[in-house]
Amino acid sequence: MKRSRVIASVLVILAAVVAVVIGQTEKDNPQIGTWKMNLTKSTFNSGTGFKSAISRIEAVGAGVRHRLDTVYADGTTRQYEYTTNYDGKDMPVVGNSPYGDTTALTRVDANTTRTVYKLHGKVTVIQTSVVSNGGKTRTVTSKGTNPKGQAVNSVSVYDRQ
């Protein structure tokens, strides 16, 4: 009986510690959340623009899991995700990313991150993501060349959901 109370107490303490750590991560990382693309504020240099895009970023350990669901104007859909820390190390992208098969994430400052996409080890697109001071918008600037050889130069504005 006494042993089971000790185990239960330890589990309660561990759950409380995990809740505090996750809460601090979300508080300290304004990128975390669900974001919907604001098409009227976004600009694309060439190719097919978007019909809709949802970006979901959640805290995972010292990093994030980022899931993207997009529908292009021509009806093409893309769903991809990656889980990575802010250490600049390449991690695999799962799904049909338009930019490559790995990504590396670094934190520039409290509100800004840089994502480097690569295909077979070669840099394709670099994205800079900035969350506004109020935390209501996220602006993602994408520059580079996609795997099809097309120039990428876009500014995607997302609203927090």
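Predicted model: local features only at pLDDT ≥ 70, side-chain atom pairs only at ≥ 80, totals over all residues.
Residues are numbered from 1 along each chain as its sequence is written, and side-chain values use heavy atoms, with hydrogens and water left out.

**View 1. The stacked pair F50 and Y72.** The ring centres of F50 and Y72 are 4.7 Å apart and the planes meet at 25 degrees, so the pair is stacked. F50 belongs to strand 3 (residues 50–60) and Y72 to strand 4 (residues 63–72), so the pair ties together parts 22 residues apart in sequence; strands (E, at least two residues) are DSSP runs, numbered from the N terminus. F50 is buried at 16% relative accessible area, and Y72 is buried at 12%. Buried means under 20% relative accessible area (1.4 Å probe, protein chains only). Ring pairs link F44, F50 and Y72 into a cluster.

**View 2. The edge-to-face pair Y82 and Y117.** Between Y82 and Y117 the centre-to-centre distance is 6.3 Å and the angle between the planes is 85 degrees, an edge-to-face pair. Distant parts of the chain are linked here, with Y82 in strand 5 (residues 77–85) and Y117 in strand 9 (residues 112–119), 35 residues apart. Both Y82 and Y117 are buried.

**View 3. Arginine charges over tyrosine rings.** R107 lies over the face of Y86, 4.5 Å from the ring centre. R138 lies over the face of Y158, at 5.1 Å from the ring centre. A charge sits over a ring if NZ of Lys or CZ of Arg is within 6 Å of the ring centre and within 35 degrees of the ring normal.

View 4. S142 is found in strand 11 (residues 137–145) and is buried, with a relative accessible area of 2%. Leaving aside neighbours within four places in sequence, S142 is in contact (heavy atoms within 4.5 Å) with residues including Y99, V125, I126 and V152. The side chains of S142 and Q127 make a polar contact at 3.0 Å; such a contact is a pair of N or O atoms within 3.5 Å, and within protein one must be able to donate a hydrogen and the other to accept it, while residues adjacent in sequence count only if both atoms are side-chain atoms. The C-alpha atoms of S142 and V155, 13 residues apart along the chain, are separated by 6.4 Å.

Definitions and conventions
Helix = DSSP H or I, 4+ residues; strand = E, 2+ residues; numbered from the N terminus. Buried < 20%, exposed > 50% of the residue type's maximum accessible area, 1.4 Å probe, protein only. Phe/Tyr/Trp six-rings, centres within 6.5 Å; stacked < 30°, edge-to-face > 60°.
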